Amino acid sequence: MADKMCENNQVTIMGEIVSDFSYSHEVYGEGFYMVEVSVHRLSSFVDYIPVMVSERLVNVQESAEGKCVYITGQFRSFNRHEEHKNRLVLSVFAREFELVEQFEEENAANQIFLDGFICKESVYRKTPLGREIADLLVAVNRSYGKSDYIPCICWGRNARFASGFEVGSHVQIWGRIQSREYVKKISETQVEQRVAYEVSVSKIEFLE
């Protein structure tokens with residue numbers, strides 16, 4: 001059953017570690033740590049992806065900053081309560097975490113496959129230049145009755161297609177994880193620079 005759940009949420013990334021390991025939490029005596037991995041797009045842009053890894057997969061006491069890493073796992077979410085409301089926090093949960101020799105930027109990997117259900121009405125819009133965009137929130141089931149809620153963004157023809165999905169629609173999505181900086185207004189006089197994570201969709205299918 002657990003293997004089946006892993007199949008509906010698959011991530012592969014290969015990039016460069018750009019932070020030290022920072023302690024996150026412990027489960028049944030097993031410590032989990034956060035680390036940030038940079039992955040180059042085909043354009044000059046770089047995505048910075050947060051990864052959660054067990055101390056059993058890598059020596060978290062030694063800095064791996066600047067090293068290349070190959071990771072497979074799942075894109076997971078949890079709600080963090082802050083400012084009197086919940087904030088969706090996303091990261092890659094590593095099942096494999098392998099330090100590798102230097103690789104060429106064009107060989108960098110960033111792939112994700114999701115099999116889940118639309119859990120919020122899609123938002124379709126056009127940019128000032130006329131580019132079509134649709135924002136989706138996809139619930140992907142995990143074992144033990146849990147689900148991950150993954151924001152996804154579609155473009156062009158995919159956006160038009162996705163704009164017709166109803167809540168509860170069963171979909172499969174292929175794409176990549178991207179990071180995006182934005183400014184959050186905290187008060188009338190205070191703003192905060194934040195980073196959002198989402199799946200940029202390259203292919204989407206509707207399942208009956």
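## Core, strands and pocket of a predicted model

Setting aside residues up to four places away in sequence, Phe97 touches Ile17, Phe21, Val35, Val51, Val53, Leu57, Val58, Val69, Tyr70 and Ile71. Touching, or contact, means heavy atoms within 4.5 Å. Phe97 and Phe75 have the most contacts inside the largest nonpolar core, which has 41 residues. A nonpolar core is a set of buried Ala, Val, Leu, Ile, Met, Phe, Trp, Tyr and Cys residues joined through side-chain atoms within 4.5 Å. Buried means under 20% relative accessible area, exposed means over 50%, and partly exposed lies in between, with a 1.4 Å probe and protein chains only.

The model is predicted: local features need pLDDT of at least 70, side-chain atom pairs count only at pLDDT 80 or more, and totals for chains, interfaces and linings use all residues. Residues are numbered from 1 along each chain as its sequence is written, and side-chain values use heavy atoms, leaving out hydrogens and water.

Strands are DSSP runs (E, at least two residues), numbered from the N terminus. Two strands pair if DSSP finds at least two bridges between them.

| Strand paired with β3 | Bridges | Direction |
|---|---|---|
| β1 (residues 9-17) | 2 bridges | antiparallel |
| β2 (residues 22-27) | 5 bridges | antiparallel |
| β4 | 9 bridges | antiparallel |

Some residue pairs can be picked out. Ile17 has Val37 in β3 as its bridge partner. Phe32 is the bridge partner of His25, and Phe32 also stands opposite Ser54 in β4. The hairpin of β3 and β4 has 5 residues between the strands, while the hairpin of β2 and β3 has 2.

**Two tyrosines in loops**

Tyr28 lies in the loop between β2 and β3. Its phi is near 50°, a positive value in a residue other than glycine. Tyr28 counts as exposed, at 81% relative accessibility. Tyr144 is placed in the loop between β9 and β10. Tyr144 is not a glycine either, yet has a positive phi of about 65°. At 80% relative accessibility, Tyr144 counts as exposed.

**Met52 in β4**

Met52 sits in strand β4 and is buried, with a relative accessible area of 12%. Leaving out neighbours within four places in sequence, Met52 is in contact with Ser24, His25, Phe32, Tyr33, Met34, Ser91, Val92, Phe93 and Ala94. Tyr23 is 29 residues from Met52 in sequence, and the two are 9.5 Å apart, C-alpha to C-alpha.

**The largest pocket**

A pocket is an open set of points on a 1 Å grid over the protein atoms alone, where a 1.4 Å probe fits, with protein on both sides within 12 Å along at least five of seven lines; lining residues have an atom within 4 Å of a point. The largest pocket has a volume of about 1,000 Å³, where volume is the space filled by probe spheres set on the points. Its lining has 33 residues, and Leu88, Leu90, Pro151, Tyr182 and Ala196 lie nearest its centre. Strand β6 gives the largest share of the lining, 7 residues. Among the other strands that each supply at least two lining residues are β4 (46-54) and β12 (191-207).

Definitions and conventions
Helix = DSSP H or I, 4+ residues; strand = E, 2+ residues; numbered from the N terminus.
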